[in-house]
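Have a look at the sequence and the model first, then work through the notes.

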Amino acid sequence: MALSRLASSSSRSADLLKPLCSAISLRRPISTDTTPITVETSVPFTSHQCDTPSRSVQTNAKELFTFFRDMALMRRMEIAADSLYKAKLIRGFCHLYDGQEAVAVGMEAAITKKDCIITAYRDHCTFVSRGGTLLEVFAELMGRQAGCSRGKGGSMHFYKKDSNFYGGHGIVGAQVPLGCGLAFAQKYSKDEAVTFALYGDGAANQGQLFEALNISALWDLPAILVCENNHYGMGTAEWRAAKSPAYYKRGDYAPGLKVDGMDAFAVKQACTFAKEHALKNGPIRGKSLSLVEAIKLTSSCSVCCAYMQILEMDTYRYHGHSMSDPGSTYRTRDEITGVRQERDPVERIRKLILSHDLATEKELKDIEKEIRKEVDDAIAQAKENPLPESSELFTNVYAKGLGVESFGADRKEVRAILP
Amino acid sequence: MAAIFQGVGAAAALSSSLSNSFDSKKFVSSPLRKGASFAVVRSDGRVNLNPKGRRAQQLISNAVATKSDSAAASSSSKPGHELLLFEALQEGLEEEMERDIRVCVMGEDVGHYGGSYKVTKGLAKKFGDLRVLDTPIAENSFTGMGIGAAMTGLRPVVEGMNMGFLLLAFNQISNNCGMLHYTSGGQFTIPIVIRGPGGVGRQLGAEHSQRLESYFQSIPGIQMVACSTPYNAKGLMKAAIRSENPVILFEHVLLYNLKERIPDEDYICNLEEAEMVRPGEHVTILTYSRMRYHVMQAAKTLVNKGYDPEVIDIRSLKPFDLYTIGNSVKKTHRVLIVEECMRTGGIGASLIAAITENFNDYLDAPIMCLSSQDVPTPYAGTLEEVTVVQPAQIVTAVEQLCQ
């Protein structure tokens, strides 16, 4: 998609100064500027059984600002969640995504709302990138009615059906077969869309992942498995859990790509590449195959399968695995600060914006202040929101159809009206 | 979900005064004698006093529940067609697949092979490889895939080649299938059907003779039904596919070759309803799946000995049809549960708790429960026989209960 316009990009950088001069005092014209800017990804891609996409990514000022804003928002949201947890307004498990924002933002930039995303329990930011509001996030975390799951899901169960965000799953690895099921449904309904099934480096050792991989490759499903490798499965480092920590190679016959997950543009490039690869090779139009035809078809496919792929995002989380994990018993503080200084995704975008003279430090700080206020407002609003009613306990256990009313044993008195 | 019973219009015409004011005292006073005329208590509690003798005869010999007049007539006279249970399941599945393009089947060897118990025979040829999917041996993931597909609106029917293999998919069934509707705040429904044969077969060995209904029964959000005749197999299969909730349909390995005449027209069976197999007076026998036949065999002996057992095939294992069961308990005051589950934590255990909680005042004797022994099913034929409840034990139990 964006790869074809690489040619004239380098000459354009001088033109950027023109709109800048007139707009230095106004943020708005700059943030909607769509003149192309070329950015290089931090490191080249490493691939397995396929070509690597180019290191040069097309972007523009508008996108840079969007990235900055979105990631800063996510960062602020997660830190606010941290404080809320310590204030005991959020209970149970709370897995924070700060440090990994580039994956959510970069992926969203490469796809449409028709494509499905499914992830594990570190889902707050992915939910927001799919269109969830801050109020829904904080209300759900605090168990209020305005939460995206009406307060009944909690931190690990964020879903947004209308933008094809399928959650939000607590059991490690269980979302990957679900994701392949989503891809199957897309192929079945001929949707021309793909599914991104995200999992972590810890989940990469789950058997069901390989099972799902096998089935997806066998049935040519438009599934893209994305391993968000933050190098620690809770307290266990990847080298202590996996014999082969090259997760992108684990697909064997499935093409794989290793991406710097702290660089939003690398993520965007990889996801664009993956989606294109998946759709270009097109699923087999569901025709009735005879046994002979089916055998012929499977034997004609080469070892490298059509388009089921694995993307490994090399990323890092600053917080511990969850709020109950300090995050410092299995890694040094120096490591954490080191990554924060050198590879922080928000800082990278900030530097890019500043180096391309798209805004001043102060303007960016203003954006961050605005974001902070937005988050605080959302939290205040969520705190006002009521807790669910007691009758909510019994709603949504079954879909309507298991009788509309629930009777006592004698069927004489109506105990509850189920929605 | 509406129960599309045949003749439901006619049934509704029955006076409503009878329906909710069922009074056991009134019942006892009406002239009842076995074989001559008796009152039929329908499974929804309406009382049909003294039906015509001929039909009464048919109701005893025909082990299928009384649905309504026209249904009883059609299933016993020439119209309708005869088939085996697995064919009934296949018919139900095929009709639903024709009716709704979103229905698809996933399982091991369901496609080209035709299904290990021939339930999906011919479907792959008819509907193609995208709707009848042969999966690799990966229960955890293909059940998960079925659930993921169901989240988007497809209606997969996942087959476990043997119910016992679905233990590998327990996480998916419990956490995803059962709970997603709740944890997403109602955003997603999971209209999946998980089916497969279970139960003790003929010397299949311990691992292939498992009864999983006891393990699945506490999962919130799922429904469980067990079929026992070709009629209810087809009806339950269709109802399960049409239901918006996840349904687990338990079939039994030894019942696949049962033959029965079923109606030609489209019908479904209510998923939450129990089936009145044989109305009676003295004792309520609750059973499901294969044990129904052991009970009916014992019933013959019991009738000869002068007892009048009421046999109810509970069919709906989750939730229990406490309405039908309750009405029966209020009539007979004695309950015997005959099940194939293990003693510990089985369906019978839950049923005892439910009945005791709700109908304790109506019971004249403690509830008896005959279940399989708490042992892995042995291979040797004689031992296997002893593991499962046999008709002789049922007769003894009823005699003991009715003392």
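Let's start with Q49(A), which is partly exposed because its relative accessible area is 38%, a value that lies between the 20% and 50% cut-offs. You'll find Q49(A) in the loop between strand 2 (46-48) and strand 3 (56-60) of chain A. Keep in mind that this is a predicted model.

**Backbone: positive phi**

- Q49(A) isn't a glycine, and yet its phi is positive, near 65°.
- M234(A) isn't a glycine either, and its phi is also positive, at about 55°.
- Look for M234(A) in the loop between strand 7 (232-233) and strand 8 (236-237) of chain A.
- M234(A) has a relative accessibility of 49%, so it counts as partly exposed, the cut-off for exposed being over 50%.

**Backbone: cis peptide bonds**

- In chain A, G167(A) and G168(A) are joined by a cis peptide bond, with omega at about 10°.
- G168(A) sits in the loop between helix 7 (134-141) and helix 8 (175-188) of chain A.
- In chain B, the bond from K318(B) to P319(B) is cis, and omega there is near 0°.
- P319(B) belongs to the loop between strand 14 (316-318) and helix 14 (322-332) of chain B.

**A closer look at T119(A)**

- T119(A) is in the loop between strand 4 (116-118) and helix 6 (124-129) of chain A.
- Is T119(A) buried or exposed? With a relative accessibility of 2%, T119(A) counts as buried, since that is under 20%.
- Which residues does T119(A) touch, once its neighbours within four places in sequence are left aside? The contacts are T126(A), F165(A), G167(A), G168(A), H169(A), Q175(A), L198(A) and E228(A).
- Two names in that list, G167(A) and G168(A), are the pair joined by the cis peptide bond.

**Salt bridges**

- How many salt bridges does the structure hold over all chains? There are 42.
- One of them pairs E63(A) with K268(A), whose closest N and O atoms are 2.8 Å apart. This pair links distant parts of the chain: E63(A) is in helix 4 (residues 61-86) and K268(A) in helix 11 (residues 264-280) of chain A, 205 residues apart. Both E63(A) and K268(A) are buried.
- R195(B) and E159(B) also meet through their side chains in a salt bridge, at 2.6 Å from N to O. Here strand 7 (residues 193-198) of chain B provides R195(B) and strand 6 (residues 155-159) provides E159(B), 36 residues apart.
- R195(B) counts as buried because its relative accessibility is 1%, and E159(B) is buried too, with a relative accessible area of 3%.
- D162(A) and K160(A) form a salt bridge as well, at 3.6 Å from N to O. D162(A) counts as exposed at 64% relative accessibility, whereas K160(A) counts as buried at 14%.
- Chain B also has a network of salt bridges, which links E91(B), E95(B), E96(B), R99(B), K234(B), K238(B), R242(B) and D266(B).

Note on methods:
Residues are numbered from 1 along each chain as its sequence is written. Chains are lettered from A and ligands numbered from 1 in the order in which they are written. This is a predicted model: local features need pLDDT of at least 70, side-chain atom pairs count only at pLDDT 80 or more; totals for chains, interfaces and linings use all residues. Side-chain values use heavy atoms; hydrogens and water are left out. A salt bridge is a side-chain nitrogen of Lys or Arg within 4 Å of a carboxyl oxygen of Asp or Glu. Helices (H or I, at least four residues) and strands (E, at least two) are DSSP runs, numbered from the N terminus. Buried means under 20% relative accessible area, exposed over 50%, partly exposed in between (1.4 Å probe, protein chains only). Contact means heavy atoms within 4.5 Å.
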